[in-house]
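Work through the exercises below with the sequence and the structure in view. Each task is followed by a solution in steps.

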Amino acid sequence: MNLDATDLRILRELQADAGLSNVELARRVGLSPSPCLARVKALERDGVIRKVVALLDAQRLGLHLNVFISISLKQQTRAALAAFEAKVCARDEVMECYLMTGDADYLIRVAVPDMAALERFIIEQLSPMEEVEKIRSSFALKQVRYKTALPLALR
């Protein structure tokens, strides 16, 4: 992908505030509105901009626990991996899911309101999955940094 400095400025501004009007975005990156909109549409078409979303405050919505769960599977066949991924991705509590190297096969992050909800998730959702062998949980005591903006170096 050949992104020039203007594309990177557009992406940086949109990562900081995707609600900017096209006119304001154009002013911030030094373009007129029409070429700016054309660049944004091209970035969307090329898949660089995947989606525009609102970031919500988990604490204010009652999701007080942020839990990282390491999961080891009984076997690592394609079918077992695919089955596990489909099941875990269907759960709203699962915020992130990564196939890992090392001790565990997967690392997931779940957002739940309390310990009772976490217990229900583990006992009723994860444990019954036939692919799962071992589950280990770690609680986040404090969120030191959370960001969604990717690092974009100007070239």
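**Exercise 1.** Determine in which sense strands β2 and β3 pair, and what joins them.

Step 1. β2 (residues 94-99) and β3 pair in the antiparallel sense over 5 bridges; strands are DSSP runs of E of at least two residues, helices runs of H or I of at least four, both numbered from the N terminus. Two strands pair if DSSP finds at least two bridges between them.
Step 2. V94 stands opposite V110 in β3.
Step 3. The two strands form a hairpin with 6 residues between them. In the turn, G102 has a positive phi of about 100 degrees.

The model is predicted: local features need pLDDT of at least 70, side-chain atom pairs count only at pLDDT 80 or more, and totals for chains, interfaces and linings use all residues. Residues are numbered from 1 along each chain as its sequence is written, and side-chain values use heavy atoms, leaving out hydrogens and water.

**Exercise 2.** Classify the aromatic pair in the structure.

Step 1. The structure holds 1 aromatic pair.
Step 2. The ring centres of F84 and Y106 are 4.6 Å apart and the planes are at 40 degrees, so the pair is tilted. Rings of Phe, Tyr and Trp (its six-membered ring) pair with centres within 6.5 Å; planes under 30 degrees apart are stacked, over 60 edge-to-face, the rest tilted.
Step 3. F84 lies in helix α4 (residues 78-89) and Y106 in strand β3 (residues 106-112), 22 residues apart, so the pair links distant parts of the chain.
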